[in-house]
Amino acid sequence: MNTRLAAGRSYLAIPGPSVMPDRVLRAMHRAAPNIYEGALHDMMSPLLDDLKGLAGGAEECAIYIANGHGAWEAALCNVLAPGDRVLALATGRFGHGWAEIAAGLDARVEMLDFGQRATVDIARLEAALAADPGQGLRAVLLTHVDTASSVRNDVAAVRAALDAADHPALLMVDCIASLGCDRFEMARWGVDVMVAGSQKGLMTPPGLGFVFFNARAKARRGAVGCRSRYWDWRPRTEPARFYEYFGGTAPTHHLYGLREALDMIAEEGRDDVLARHAVLARAIWACFEAWGQGGPAELNIADAALRSHAVTAIRIGADHGARLREWTEKQTGVTLGIGLGMVPPGDPAEGGFFRIGHMGHVNAHMVLGTLAAIQAGFEALGIPYGPGGLDAAAGICAAG
Ligand SMILES: *Cc1c(COP(=O)(O)O)cnc(C)c1O
C-alpha cells in the first residue's frame, strides 16, 4: 500500500452511533435556547407524538438523558420491585446486558439463551411459561434486533406465546438497534414496554434514551412504586412543569437534532424508510453469499428471514476481521464494526468477526462503497472470496 486513499469524507459503518445527517448537525448548531418558554416548550408535544407513531402506536413515551443502558434501567425501575422474577431471552449479547441491569436492580433473573446464531425458540419459551410456578414471572425481556448477532426476533410470536399461556408477565422489548430500521408495531404486537435510543436508526448523537409504555405497564408502575425518583417515568409523561420532562435541564440541542431527524423520516415516509433498509440489507447479504462461495466470509445468521435490516454480523475466521477493519479504515476511510459477544472477551478468536451497521442515514452508494472497500481489503490482505458479490449487490440496488 503505497498511495493512501482515505482522504475525503470518512464513513462510520458501525452499528451505532450511526451517521449523523448534515441536516441534524445543522439543526443542533445554534445558540443555547430559552428553556423557560417558547420554541423548546412548544416542540415537545409533537415530538412525542412523532416518536410514538414511529414506534407503531405507543401510548406513552418518557425521555431520559441517557444511552441505551440508561433506558434499560429506567424501564425496569418502573415495573419491577426487588425480588421480582423476570425471564430474559438472549439471542446474542444485548439480552445478557439487559438481564445484568435487571440483576443489578435485585430482580431474580431467569435466562433462556438461544446462542449467537438463532432466534428465540418459541417452544422453549412456551415450556418455560407453562412451568412458571403461580405465573410469578413479572416480565419477559426480549431484544428485537440483537446488534451483536444481527438476528431479528419475532416479537408478535413472543406475544402469542404469552397470550396462549394466559400469562400476565409484561412483554418488554429492546428496540435500540431496530427502531426506524426494522418494522416494529408496538400496539399491534401487544408490547407493554419498549426501549430505544437516539444514536442508531434515529440518526441523532448518543445521549437520549426513550421508554415507551402502555396502560398495562402504567398500572404495574402504580402497583410496584418506582424506587428511583430520577428514573420515575410519571413526571416525564405527565409533567406539571417543563423541566419534569427530563428530571432537570432539557437536552436542548439533542432535541433540535432529533426534531430534524424525525422530520426527515416523516418526509421520506416510515414505510419507505423501512423499505430502503430492507433493500440495502438484501444487497449486503447477496454480496456476502457470493463471496462466501469462495472464501471464509459467512453471514452469522443463515436464515435470511431472521436477519436484521439494520446491522449485519459476519464470521470470517482467524484474525481476518481485525485486519480487514484496520485496512479499510486506514486505506479507504470506512470504519467497520467490531465483532461482539461471539467469543469471550480477550479470546484470540475475537478478531475473526466484524459487523456492518446500515442503520439510519444510509443509502445505496454508502452500502455499495462499503462493500467495494471490503473487497479491496480482501484483495490487499490475500483473503479469498467468491466472485460476483458486488455484481449481486448492484443488481439488488438496481431492482430497488
Ligand atoms: C446499542 C444497543 C444497546 C446499548 O445502547 P448504549 O447506548 O450503548 O447503552 C442495547 N441494546 C441494543 C439492541 C443495542 O443495539
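Modeller: D166 is exposed, with a relative accessible area of 64%; exposed means over 50%, buried under 20%, and partly exposed in between, with a 1.4 Å probe and protein chains only. The model is predicted: local features need pLDDT of at least 70, side-chain atom pairs count only at pLDDT 80 or more, and totals for chains, interfaces and linings use all residues. Residues are numbered from 1 along each chain as its sequence is written, and side-chain values use heavy atoms, leaving out hydrogens and water.

D166 is not a glycine, yet its phi is positive, at about 50°. This residue sits in the loop between helix 6 (155-164) and strand 8 (170-174); helices (H or I, at least four residues) and strands (E, at least two) are DSSP runs numbered from the N terminus.

S150, also not a glycine, has a positive phi of about 65°. It belongs to the loop between strand 6 (145-146) and strand 7 (151-152). S150 is buried, with a relative accessible area of 3%.

Another backbone feature is the cis peptide bond between G16 and P17, with omega about 0°. P17 lies in the loop between strand 1 (11-13) and helix 1 (22-28).

Turning to the strands, strand 3 (residues 85-90) and strand 4 (residues 108-113) run parallel and are joined by six bridges; two strands pair if DSSP finds at least two bridges between them. V86 stands opposite V109 in strand 4. With helix 4 (residues 94-104), strands 3 and 4 make a right-handed β-α-β unit, right-handed meaning that, with the strands pointing away from the viewer, the path from the first strand over the helix to the second runs clockwise.

At the ligand, 13 residues form the surroundings, the closest being H69, T147, D174, Q199 and K200; a residue counts as near if one of its heavy atoms lies within 4 Å. Helix 3 (residues 68-79) gives the largest share of this shell, three residues. By type, the shell has five nonpolar, six polar and two charged residues. Here Ala, Val, Leu, Ile, Met, Phe, Trp, Tyr, Cys and Pro count as nonpolar, Asp, Glu, Lys and Arg as charged, and the others, Gly among them, as polar.

A polar side-chain atom of Q199 lies 2.6 Å from an oxygen atom of the ligand. For K200, an N or O atom of the side chain is 2.6 Å from a ligand oxygen atom. The protein buries 89% of the 380 Å² that the ligand exposes when taken alone, by the Shrake-Rupley method with a 1.4 Å probe.

Methods. A polar contact is a pair of N or O atoms within 3.5 Å; within protein, one must be able to donate a hydrogen and the other to accept it, and residues adjacent in sequence count only if both atoms are side-chain atoms.
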